[in-house]
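Dear colleague,

I am handing over the structure below, followed by an account of what was found in it. Please read the text with the coordinates open beside you.

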Amino acid sequence: MKTKEKLIIRALNGETLNTPPIWMMRQAGRYLPEYKATRSIAGDFLSLCYNPELATEVTLQPIRRYGFDAAILFADILLIPQALGAKLWFVTGEGPRLSTITSQKDLDSLGQVGDIDAVLSPIYKTVQNLSRELPEKTTLIGFAGAPWTVATYMIAGRGTPDQRPALDLIKSQPKIFDALIDKITDATIHYMSRQIDAGAEVVKIFDSWAGSLKGNLFDRYSTIPAKKIVSELRERHPNIKIIGFPRGATNEGYINYANETGVDCVAIDSSVDIQWAADYLQKITCVQGNLDQSLLVSGGEKLTSESKRIVEALSKGPHIFNLGHGITPDADPENVTKMIHAVRS
Ligand code: CP3
């Protein structure tokens with residue numbers, strides 16, 4: 001079977017490979033001059049996301065330049081709120097802004113899950129294009145934000161350092177908060193399922209703000225919604241591979257998340273001790289991570305030695321090499337080449 005030969009799929013099937021496959025979070029992005037050129041043709045970031053030809057082009061750019069083992073669909077986790085009827089715009093240099101959801105009235109103003117395709121169909125077209133155009137050995141990854149992370153943006157109307165508005169809503173309006181989580185969860189299942197129909201071979205759940213959920217809130221709002229997404233997707237698509245990224249979880253949180261959700265791979269952030277990941281997490285599941293993305297800015301000997309240290313530590317089990325978080329706009333594209341060389345040599 002053709003897909004069986006792809007390195008990422010082999011790692012996700014639990015195979016220990018001599019050299020780990022590689023891709024990077026935010027691999028299509030502002031550190032690449034060709035990305036900036038295409039983005040300026042599109043006009044702005046959201047127009048780029050909703051333009052299948054240009055979104056396909058920027059997804060392919062890092063594959064052409066570096067030969068990564070996976071391409072990740074070019075889109076954003078905030079397209080789901082937009083498809084549900086929230087207003088969304090990006091302020092240059094500041095990040096996303098959304099109309100806020102904090103009351104029953106706000107919740108009632110959102111559209112139905114079954115209607116999100118009216119907005120999201122260009123994204124499925126991008127996935128179809130990519131599935132045709134990618135090299136045979138390259139795995140196509142689709143994604144969505146996890147319900148908690150998406151909810152933090154919908155409640156605050158923007159990114160927040162500590163997710164305080166969402167944490168406060170859990171306390172002050174638990175029913176509204178839970179209804180919002182359920183709605184995002186259902187929309188996410190629908191959205192990812194359509195990405196898989198269009199050709200995504202792997203999907204990744206980005207819970208970028210999972211670390212702010214302490215104690216049993218982590219289980220309740222990160223693990224349990226992810227578990228539901230995983231089980232519903234597997235019911236509809238038995239062969240789908242799923243990566244979970246509960247960024248900033250505790251060691252215990254990462255282990256419980258892996259066990260409870262049954263994801264095929266857990267992505268870990270740079271704060272996780274790699275030897276601990278090898279000794280414990282990798283015994284349960286494939287591990288993806290976790291080079292500190294700031295090393296792609298600073299480069300030097302440390303970039304090479306840290307890349308090799310991660311590969312070495314995770315060499316006795318299934319591993320996909322990646323960063324601890326997305327590559328930043330100030331990264332040097334040459335350093336990415338050095339990182340790949342360090343991993344593959
Ligand atoms: O990884 C990839 O290359 C695929 C595309 C992708 C983007 N965003 C493109 C993007 C993915 C998987 C995301 C996920 C995403 N988006 C997350 C979860 C992962 C993470 O980084 O924690 C979050 C929290 C968002 C929300 C979001 N989108 C923010 C907060 C911002 C602004 C911050 C910034 O870097 O400017 C975005 C914008 C965004 N999403 C850009 C890209 C390439 C930059 C847009 C631009 O070109 O100006």
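**Salt bridges across the chain**

Asp117 and Arg194 are joined through their side chains by a salt bridge with an N to O distance of 2.5 Å, the term meaning a side-chain nitrogen of Lys or Arg within 4 Å of a carboxyl oxygen of Asp or Glu. The two partners come from distant parts of the chain, 77 residues apart, with Asp117 in helix H7 (residues 117–133) and Arg194 in helix H10; helices (H or I, at least four residues) and strands (E, at least two) are DSSP runs, numbered from the N terminus. Asp117 counts as buried because its relative accessibility is 15%, whereas Arg194, at 33%, is partly exposed; here buried means under 20% relative accessible area, exposed over 50%, and partly exposed in between, with a 1.4 Å probe and protein chains only.

Before going further, please note that this is a predicted model, in which local features need pLDDT of at least 70 and side-chain atom pairs count only at pLDDT 80 or more, while totals for chains, interfaces and linings use all residues. Residues are numbered from 1 along each chain as its sequence is written, and side-chain values use heavy atoms, with hydrogens and water left out.

By the salt-bridge rule the count comes to 15. One of them is formed by the side chains of Glu201 and Lys6, at 2.7 Å from N to O. This pair, too, links distant parts of the chain, since Glu201 lies in the loop between helix H10 (174–198) and strand E5 (202–207) and Lys6 in the segment before helix H1 (7–12), 195 residues apart. Both Glu201 and Lys6 are buried.

A further salt bridge connects the side chains of Arg234 and Asp264, at 3.0 Å from N to O. Arg234 belongs to helix H11 (residues 216–236) and Asp264 to the loop between helix H12 (251–261) and strand E7 (265–267), so the pair ties together parts that are 30 residues apart in sequence. Arg234 is partly exposed, with a relative accessible area of 26%, while Asp264 counts as buried at 15%. Arg234 and Asp264 are also linked with Lys241 in a network of salt bridges.

**The ligand and its surroundings**

The ligand is surrounded by 21 residues, of which the closest are Arg30, Tyr35, Arg39, Asp76 and Ser208. Of the 860 Å² of accessible area that the ligand has on its own, the protein covers 87%.

**Backbone points to check**

Arg26 also has a phi near 60 degrees, a positive value in a residue other than glycine. Arg26 is found in the loop between H1 and helix H2 (33–42), and it counts as exposed because its relative accessibility is 53%. Gln163, likewise not a glycine, has a positive phi of about 60 degrees and is placed in the loop between helix H8 (147–156) and helix H9 (164–172); Gln163 is buried, with a relative accessible area of 3%. Finally, Gly289 and Asn290 are joined by a cis peptide bond, with omega about -20 degrees, and Asn290 lies in strand E8 (residues 286–291).

Conventions: Near = heavy atom within 4 Å. Areas by Shrake-Rupley, 256 points an atom, 1.4 Å probe, with all protein chains shown as cover.
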